[in-house]
Amino acid sequence: MRILLVEDEHTLGTWLCKALERSGIIVEWVDSARTALAALGARAHDVIVLDLGLPDLDGQDLLARIREKDALVPTLVLTARDTLADKVRAFHAGADDFLAKPFELQELEARLHALLRRARGAQAARLGCGPLTYDLASQRFALNGEALALSPREFAVLRVLIQHSGEPMSKQQILERVVSDEKDIQPDAVEVIVHRLRKRLEGTGVRVSTFRGLGYALETA
Ligand code: CA
């Protein structure tokens, strides 16, 4: 999962980047509305986490601008303002969820996963594609109910594919969700990892298909 974090408090921003990345959530962090709008135009994000008190534009106004650009991207509002009126205003402006500061990291993580799951139309705490399942709580894959052992990079790529199953993801889109610094890994490395995953999944009833010009998608065979 790749999130856009819009937060002007640097201590909180730095901590969230580190803490969430430890849980496999890639964070693109910006500290103003201006940089947030630029980041939104530059690439897609799975969830937006938005602080309402920003230096250059009120978060509610930014939320309205975000909704003009992308009506569907799940957005969680993070704020010290936790009065009922603030919450109602945030929901009216297009927020999907709301978390008052201070908050527990575990709760933020759980809410991010729930938002992504709902955006994908899944009801259960488990994602699936044919015989392959991914349990969101334990963060484990299983094939026909048997645990599937994967290298960290295979795991990260397969998780992106199952979170977006049936939807082609380009090498770049996969990469953006697997590493925070794309300089660390080349898009061609994704090809190698996909090749290994294909071997793992051979003959199992689930496969990684190539869609020319679009990318890879996890499908039932
Ligand atoms: Ca703030």
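1. Aromatic rings of Phe, Tyr and Trp pair here if their centres lie within 6.5 Å. The model is a predicted one. A search of the whole structure turns up four such aromatic pairs.

2. Take Phe-91 and Phe-98. Their ring centres sit 6.4 Å apart, and the planes meet at 45°. Planes under 30 degrees apart count as stacked and over 60 as edge-to-face, so this pair is tilted. Phe-98 has a relative accessible area of 8% and is buried.

3. Phe-141 and Phe-155 make an edge-to-face pair. The centres are 5.6 Å apart, with 80° between the planes. Phe-141 belongs to strand E8 (residues 140-143), and Phe-155 to helix H6 (residues 152-163). The pair therefore ties together parts that are 14 residues apart in sequence. Both Phe-141 and Phe-155 are buried. Tyr-134 joins them: ring pairs link Tyr-134, Phe-141 and Phe-155 into a cluster.

4. Asp-8 lies in the loop between strand E1 (2-6) and helix H1 (10-22), while Asp-51 lies in strand E3 (residues 47-51). The pair thus ties together parts that are 43 residues apart in sequence. Is Asp-51 buried or exposed? Asp-51 is buried, because its relative accessible area is 5% and the cut-off for buried is under 20%. Asp-8, at 28%, is partly exposed.

5. The sheet is open. Five strands form it in the order E2-E1-E3-E4-E5, with parallel pairing. Strand E2 (26-30) and strand E5 (97-100) stand at the edges. Each has a single partner strand, so one side of each is left without a neighbour in the sheet. From one strand to the next, the twist averages 20°.

6. Strands E1 and E3 run parallel and are joined by four bridges. Ile-3 has Val-47, in E3, as its bridge partner.

7. Helix H4 (residues 84-92) lies across strand E4 (75-79) and E5. Helix H4 runs at about 150° to E5.

How values were computed. Residues numbered from 1 in each chain as written. Predicted model: local features only at pLDDT ≥ 70, side-chain atom pairs only at ≥ 80, totals over all residues. Heavy atoms only, no water. Phe/Tyr/Trp six-rings, centres within 6.5 Å; stacked < 30°, edge-to-face > 60°. Buried < 20%, exposed > 50% of the residue type's maximum accessible area, 1.4 Å probe, protein only. Helix = DSSP H or I, 4+ residues; strand = E, 2+ residues; numbered from the N terminus. Pairing = 2+ DSSP bridges. Axes fitted to C-alpha atoms, helices over the stretch in contact; angles between N-to-C directions. Contact = heavy atoms within 4.5 Å.
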